[in-house]
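Q: I have a structure open and would like to talk it through. Can we start with the overall picture and then go to single residues?

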Amino acid sequence: MTVRRTSCNLCEAICGVLVTVEDGRVTDIRGDESDPLSRGHICPKAVALRDLQDDPDRLTTPVRRTADGWEQLGWDAAYELVVDKLAAVQREHGKNAVGVYLGNPNVHSLGALTHMPTMVRQLRTRNRFSATSIDQLPHMLASYLLYGHQLMVAVPDIDRTSYLLMLGANPLASNGSMMTAPGFGRRLKDLRKRGGRVVLIDPRRTETAAVVDEHHFVRPGTDAAFLLALIHQVIADGHARPAAYVDGFAAVEAAVEDWTPERAAAVTGIAADVIRRIAGEFGTAERAACYGRVGVSTQQFGAVCQWAIQVLNIITGNLDRPGGTMFPRPAVNALAGLGRGHLGVWKSRVRGLPEFGGELPVATMAEEILTPGEGQIRAMVTVAGNPVLSTPNGRKLDEALGTLDFMVAIDPYINETTRHADVILPPAPPLERDHYDVIFHQLAVRNTARWNDAVLPKPAEARHDWEIFRDLGLALVRRTPWSRRRLEVMARLRLSPKRIVDVGLRIGPYRLSLAKVRRTPGGLDLGPLQPALPRALHHKSKRIDLAQRMILDDLPRLDALALVSPDELLLIGRRHLRNNNSWMHNSARLVKGKPRHHLLMNPDDLAKRSLTDGQLVSVTSAAGSIAVEVAASNDIMPGVVSLPHGFGHGRPGARLSVANEVPGPSANDLTDTELTDTVAGTAAVNGVPVTVTAC
């Protein structure tokens, strides 16, 4: 029996864990108290790492589709088949005839981060999509516009703040997101013990709402009005004190002049005196931080919301201030290896939606497959994603994937999306990989560094994800003419993730090395976040311009917020601590217990429609209809209904023996690809108009 240290890389909390191994099998997983960031905290998902390892449904060798079903084949034969098919499609229809979709788990894998981008670039297609545009895109856009880099994200310095204002966030379920803060509940308790205050704005009384000082319902999609009114009131009260390197304050003042608390109250449902009081408390707090997450990002005003959150922090002097919002200084500088970002360099073929950072909005992916013409997607590469369940109008995408000439999936499962693939290339599971969190140290509330060797040896016939990307990339680049670039790409692909991390540590701000980090297996504590502005800004001017024209020009759209049908309900999603989007429902330990798929509705809304608790109802949107049991709940705002995403299993061909028995429809059979943020192109999967009737 041995006990080995690693970290759980299933979510953004990156909790350190101790894994007990007996005779080559995992027998126990618990929190690692020596980890300076997580300090022993884990959630139920960490324990389920062993379920991923032992899952009999997990593929271990490549498979291809045949007339008689799935057939195993060797790695070399699989690579040759994939590259031949992709090359044939591009030769006949052009480079953009191949599309790429990258799922959320990629950012949690070291090998995917080090090798996947190089492989994808060899396809030279502009039809690239990812989970970013149904998630954190507005965060990244605001960071790009204000700070000069898409991943220069300011995070709340929660361990030192005295006033935390959160919108559309449920960190007790998510463990913190775009803010790596494991043990968030403990951190909130510590905040309140030192006399701090926590305020939450959310259409649902969530798990987090139960432990904060104050919670207010807000009508979905109107958070921007609330934020603009806060900015208006902070300025009116004389509490604005932007730093000397901040420009554009006068333009912001003019833009919010008409957004009084009374005007915002009429559309948000939050009383004017509450808005005025929160603005006063935030503006006068010793150390304050405003933070917004999925609820304010995945809506029609996501870009405005994330910009306004940054503006509120900036004008109150709380940006780059201990206890406010600050920029982590990780040991491996992820910003150096990732482009600053760009917006609208090209647009989608069918609807003209803008790219951001080289990716098109996922809301346009299905139509780019289904719409004939030059540039139509005829082949797809999906990597660690299940967009049939996780992107808007999943039924339409399900139909679209069935029309492709060829599809390859890099994924360990035959799920609702990969069942359409012609070839599936399965990577080794998390416990067989070395790991270093490149991205989430960039978002952490404390600077730490931790390297983890694989807990279990990888079988000889298996491949790490980085080896799959390496081998596919090399096969693709070998088909190009000899050049210096070709040699550079081949050399880059042949570097191991371990070597890349070592180089990153050596040139990073602390001048570490992999050997030094490994001497402290629980992780190195590099200290609290430190002020870094203006020198850390990626703008050449080293200044922040608040007056971003694309944002200010979008504000008139807010005038339509007051137009609501009296019979209309607005659909929002919800998270659960035991869920992880669509990809952990095959763990029996995580899905056991009471069903979690019900539609939550306020009792008053049930009574108005003559519906009863537990009844099967039909929920209809512009995209389609589903049937689901409804549950009465006073924790949901009147006029709002809530359905969790990631469900909708049991489809023909999916080989997920546990998930296929999990009840519940897909919320993304209701979300509409036509509903997007016009600035960023983010899918608006919150605030979707629906009707609910008896079945």
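This is a predicted model: local features need pLDDT of at least 70, side-chain atom pairs count only at pLDDT 80 or more; totals for chains, interfaces and linings use all residues.

Q: How many helices and strands are in the protein?
A: The protein has 24 helices and 30 strands.

Q: What radius of gyration does it have, and what would a compact globule have?
A: The radius of gyration is 24 Å. A compact globule of 695 residues would come out near 26 Å, so the value agrees with that. Along the principal axes, the C-alpha trace spans about 70 × 60 × 55 Å.

Q: What share of the residues is buried?
A: Of the 695 residues, 62% count as buried.

Q: Where do the charges sit on average?
A: There are 81 positive and 74 negative charges, and their mean positions are 6 Å apart.

Q: Ok, helices now. What span should H8 have?
A: H8 covers residues 223–236, which is 14 residues. At 1.5 Å a residue it should span 20 Å, and its end C-alpha atoms are 20 Å apart, so the two agree.

Q: Is H8 mostly covered or mostly open?
A: Mostly covered: 13 of its 14 residues are buried. Just after H8 comes Gly238, with a positive phi of about 80 degrees.

Q: Which residues touch Val256?
A: Leaving out residues up to four places away in sequence, Val256 touches Leu228, Ile231, His232 and Ile235. Val256 itself sits in the loop between helix H9 (249–255) and helix H10 (261–268). It counts as buried because its relative accessible area is 1%, and the cut-off for buried is under 20%.

Q: How far is Val256 from Ala229?
A: The two are 27 residues apart in sequence, and their C-alpha atoms are 7.1 Å apart in space.

Q: Switching to H4. How many of its residues are buried?
A: In H4 (residues 110–121), 9 of the 12 residues are buried, so the helix is largely enclosed by the rest of the structure. Among the buried ones are Leu110, Gly111, Thr114 and His115.

Q: What does Pro497 touch?
A: Not counting residues up to four places away in sequence, Pro497 touches Leu110, Gly111, Thr114, His115 and Trp466. Pro497 belongs to helix H20 (residues 497–507) and is buried, with a relative accessible area of 7%. The C-alpha atoms of Pro497 and His435 are separated by 8.7 Å, though the two residues are 62 apart along the chain.

Q: What about Asp320, buried or exposed?
A: Asp320 counts as buried, at 9% relative accessibility. Its phi is near 65 degrees, also positive. It is in the loop between helix H13 (302–315) and strand S14 (325–326).

Q: Which peptide bond is cis?
A: A cis bond joins Leu533 and Pro534, with omega about 5 degrees. Pro534 lies in the loop between strand S23 (524–527) and strand S24 (544–545).

Q: Back to Arg39. Where does Arg187 come in?
A: Arg187 touches Arg39, and also Leu37, Ile158, Asp159, Ala181, Pro182 and Val445, not counting residues up to four places away in sequence. Arg187 is in helix H7 (residues 184–193) and counts as buried at 2% relative accessibility.

Q: Last one: His93, what is it in contact with?
A: Arg378 and Asp405, leaving aside neighbours within four places in sequence. His93 lies in helix H3 (residues 75–93) and is partly exposed at 26% relative accessibility. Between His93 and Arg395 there are 26 Å from C-alpha to C-alpha, and the two residues are 302 apart in sequence.

How values were computed
Residues are numbered from 1 along each chain as its sequence is written. Side-chain values use heavy atoms; hydrogens and water are left out. Helices (H or I, at least four residues) and strands (E, at least two) are DSSP runs, numbered from the N terminus. The expected span of a helix is 1.5 Å times one less than its number of residues. Buried means under 20% relative accessible area, exposed over 50%, partly exposed in between (1.4 Å probe, protein chains only). The radius of gyration is taken over C-alpha atoms; the globule rule is 2.2 Å times the number of residues to the power 0.38. Lys and Arg count as positive and Asp and Glu as negative; His and the chain ends are not counted. The place of a charge is taken as NZ of Lys, CZ of Arg, CG of Asp or CD of Glu. Contact means heavy atoms within 4.5 Å.
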